[in-house]
Amino acid sequence: MKILVTGGLGYIGSHTVVELQQKGFEVVIVDDCSNTSEDVLYGIVRITGIQPQFERFDLRKKEKVQGFFQRHQDIQGIIHFAASKAVGESVERPLLYYENNLGSLIYLLQEMTQQQDATFIFSSSCTVYGQAEKLPITEDAPTKPAESPYGNTKKISEDILRDTCKANTHLRSISLRYFNPIGAHPSSEIGELPIGVPQNLVPFITQTAAGVREELSVFGNDYPTADGTCIRDYIHVVDLAKAHVVALQRILQGKAESNYEVYNLGTGKGSSVLEVIQRFERVSGQELPYKIVARREGDVVAAYADTTKANDVLGWKTVSSLDEALLSAWNWEKKVRNL
Ligand code: WQD
């Protein structure tokens, strides 16, 4: 069973390739390496011993996408990760985000809808909910106007997918709305590789602990939460990767109740920024220098998943704790920095 993983050398993509291979799937990776390195391929092989096929090209090039599908007539499914994903950058360069994130999706769907049976797993995000009225957040919570062009591309992508599935009943798709992915594979052979200054909390924490950054800036402690800092649902990237395999198998085994489904992927537990810092200090034994600064534009106060549908319908749930995820992130950082 041959599966195309776009963005398969990226953070979540690479962890998903490992899980797919370990479940016996044959994997073809397409990645333009604009936000990763080909070395990730060797990390995957060191874990599974299996060399995935890899093609490096830009999915915004329609003729390249067409050529790929001419060479690979036996693709049974796609897990689509490839996208630009820096919230701040998307505000400065919206057209790059709309062209890349929507263009690549459209070209892939144009190919997939020409196939008899097509299976498409889409990497979406809880960002589509904005600040949800009710917590924990269920899949039928209303989506909100996006806080950033990045978030808007996720919303629009889901609409494109939903409409395409409606018009092509042989296309079966699942959108997976991630909460906050963190951590690294327990082998420390693959992990998060932020290019430049990390935008996200946990890689900034591990780089600070490694001495790469001077101190962490905590973006506001005047929110209406117990300790004043924002709350998020931090999910171990390996748990998240496993959910993609479960979703793919659900469709391939004909268990999906409709040809378009949506699932929230989180632990169901919210943790504040200060809680994450305290837990990191405990699991790593490292004191973390930080200062409180002004709020960051666009941050929601709190977001954590209602996991009922993922647990009861998809048949998946997280098994790793926040401590395990933070320790795996720290072990990966030490490996990368030769500490
Ligand atoms: C988490 C909390 C910050 C950095 C984003 C995207 C989402 C997904 C995950 C791609 C917030 C605080 C952060 C720092 C801080 N990305 N923080 N100091 O914003 O919840 O989600 O990344 O799919 O779509 O929106 O994650 O890790 O950036 O922030 O205080 O240096 O940590 O204010 O409360 P976020 P994050």
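This is a predicted model: local features need pLDDT of at least 70, side-chain atom pairs count only at pLDDT 80 or more; totals for chains, interfaces and linings use all residues.
1. Two strands count as paired if DSSP finds at least two bridges between them. E8 (residues 216–219) and E13 (residues 290–293) run parallel, with four bridges joining them. Across that pairing, Phe219 stands opposite Val293 of E13.

2. Staying with E8, look at its two faces. Leu216 and Val218 make up the covered face, while Ser217 and Phe219 are on the uncovered one.

3. Which strand gives the largest share of the shell around the ligand? That would be E8, with four residues. The shell holds 18 residues, and the ones that come nearest are Tyr150, Leu201, Ser217, Arg232 and Asp299. Sorted by class, nine of the shell residues are nonpolar, six are polar and three are charged.

4. An N or O atom in the Arg232 side chain sits 2.6 Å from an oxygen atom of the ligand. Ser217 uses its backbone instead: one of its backbone N or O atoms is 2.8 Å from a ligand nitrogen. With Ser125 we are back to a side chain, where a polar atom lies 3.1 Å from a ligand oxygen. As for overall cover, the ligand has 690 Å² of accessible area on its own, and the protein covers 90% of that.

5. Next, helix H8, which spans residues 237–252. From first C-alpha to last, its 16 residues reach 23 Å, close to the 22 Å expected at 1.5 Å a residue. How many of its residues are buried? The count is 12 of 16, so H8 is mostly covered, with buried meaning under 20% relative accessible area. After H8 comes Gly254, which has a positive phi, near 70 degrees.

6. Last stop: Leu265, in strand E11 (residues 260–265). Why does Leu265 count as buried? Because its relative accessibility is 0%, and the cut-off for buried is under 20%. Leu265 also pairs up in space with a residue from elsewhere in the chain: Asp233 is 32 residues away in sequence, yet the two C-alpha atoms are 9.3 Å apart.

Note on methods: Residues are numbered from 1 along each chain as its sequence is written. Side-chain values use heavy atoms; hydrogens and water are left out. A residue is near a molecule or strand if one of its heavy atoms lies within 4 Å of it. A polar contact is a pair of N or O atoms within 3.5 Å; within protein, one must be able to donate a hydrogen and the other to accept it, and residues adjacent in sequence count only if both atoms are side-chain atoms. Accessible areas come from the Shrake-Rupley method with a 1.4 Å probe; for residues, only the protein chains shown count as cover. Ala, Val, Leu, Ile, Met, Phe, Trp, Tyr, Cys and Pro count as nonpolar, Asp, Glu, Lys and Arg as charged, and the others, Gly among them, as polar. Buried means under 20% relative accessible area, exposed over 50%, partly exposed in between (1.4 Å probe, protein chains only). The expected span of a helix is 1.5 Å times one less than its number of residues.
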